[in-house]
Amino acid sequence: MNNNPLVSVVIASYNMGQYLPESVRSVLAQTYKNFEIIVIDDGSTDDTEEQLKPLMADPRLRYIKQENQGQPKAKNNGIKATKGEYIAFCDGDDLWAPNKLELQLPIFEGDSDIGVVYSEVSYIDDKG
């Protein structure tokens, strides 16, 4: 494994304008810094694009809007746009712990049979 591989984070989103900025911020706050974020807007009819505009100044973030095709196609189109050695998925209403990538990437080292890494989840509601 490259010591500092690029990780491509694909966020497929449909009408998640109210949650998506926090999701993107949680990825931008990673302790591991070599990543790109590709947001695939799957034809949202809400204010998703407007909500993301303040974050678009970060060069690690790319926004791609497409006609609604469903989450699987949105994720596949996101994968096609990636440049990274590794691909991670984050849903538009998910929040990542700041050290997620830092903890998960080393698991791939030394074992070529490992192709997928996942973690526990915590659930939150509108009260946090």
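This report describes the sheet, the helix packed on it, the nonpolar cores and selected charged residues of a predicted model.

## The sheet

The sheet is open and consists of four strands, arranged in the order β3-β2-β1-β4 with parallel pairing. Its edge strands are β3, residues 61-66, and β4, residues 86-89, each of which pairs on one side only. From one strand to the next, the twist averages 20°.

Strands β1 and β2 run parallel and are joined by seven bridges. The pairing of β2 with β3 is also in the parallel sense, over six bridges. Strand β1 is largely enclosed by the rest of the structure, because seven of its seven residues are buried. This burial applies to both faces of β1: Val7, Val9, Ile11 and Ser13 are buried on one side, and Ser8, Val10 and Ala12 on the other.

## Helix α1

Strands β2 and β3 pair over six bridges. Helix α1, residues 20-28, packs on the sheet and touches β1 (7-13), β2 and β3. The direction of α1 makes about 165° with that of β2.

Seven of the nine residues of α1 are buried, so the helix is largely enclosed by the rest of the structure. The buried residues are Leu20, Pro21, Ser23, Val24, Ser26, Val27 and Leu28. They pack against β1, β2, β3 and also α2, which spans residues 48-52.

Glu22 counts as partly exposed because its relative accessibility is 44%. Arg25 is likewise partly exposed, with a relative accessible area of 36%.

In soluble globular proteins, nonpolar side chains tend to be buried together. The largest nonpolar core in this model has 22 residues, of which Val7, Val9, Ile11, Val24, Ile37 and Val39 touch the most other members. Two or more residues are given to this core by each of β1, α1, β2, β3, β4 and α4. The largest share, four residues, comes from α1.

Ile11 illustrates the contacts of a residue in this core. Leaving aside residues up to four places away in sequence, Ile11 touches Leu20, Val24, Ile37, Ile38, Val39, Ile40, Cys90, Asp91 and Gly92. Another core, of five residues, lies apart from the largest one and includes Ile38, Ile40, Ala74 and Ala81.

Asp41 lies in strand β2, which covers residues 35-42. In β3, the bridge partner of Asp41 is Lys65, while Ser13 stands opposite Asp41 in β2.

Asp41 is buried but has no salt bridge. The nearest side chain of opposite charge, that of Lys65, is 4.1 Å away. A salt bridge requires the side-chain nitrogen to be within 4 Å of a carboxyl oxygen. Not counting residues up to four places away in sequence, Asp41 touches Ser13, Thr48, Glu49, Tyr63, Ile64, Lys65 and Gln66.

## Salt bridges elsewhere

Side chains of opposite charge can pair when their charged atoms come close. Another is formed by Lys53 and Glu50, whose closest N and O atoms are 3.5 Å apart. Glu50 counts as exposed because its relative accessibility is 51%.

Lys75 and Asp91 also meet in a salt bridge through their side chains, at 3.8 Å from N to O. This pair links distant parts of the chain, 16 residues apart: Lys75 is in helix α3 (residues 71-80), and Asp91 is in the loop between β4 and α4 (100-108). Asp91 is partly exposed, with a relative accessible area of 26%.

## A positive phi in a loop

Most residues other than glycine have a negative phi. Asn15, in the loop between β1 and α1, has a positive phi, near 55°. With a relative accessible area of 28%, Asn15 is partly exposed.

Key:
Residues are numbered from 1 along each chain as its sequence is written. This is a predicted model: local features need pLDDT of at least 70, side-chain atom pairs count only at pLDDT 80 or more; totals for chains, interfaces and linings use all residues. Side-chain values use heavy atoms; hydrogens and water are left out. Buried means under 20% relative accessible area, exposed over 50%, partly exposed in between (1.4 Å probe, protein chains only). Lys and Arg count as positive and Asp and Glu as negative; His and the chain ends are not counted. Contact means heavy atoms within 4.5 Å. Two strands pair if DSSP finds at least two bridges between them. Axes are lines fitted to C-alpha atoms, for helices over the stretch in contact, and angles run from 0 to 180 degrees between N-to-C directions. A nonpolar core is a set of buried Ala, Val, Leu, Ile, Met, Phe, Trp, Tyr and Cys residues joined through side-chain atoms within 4.5 Å.
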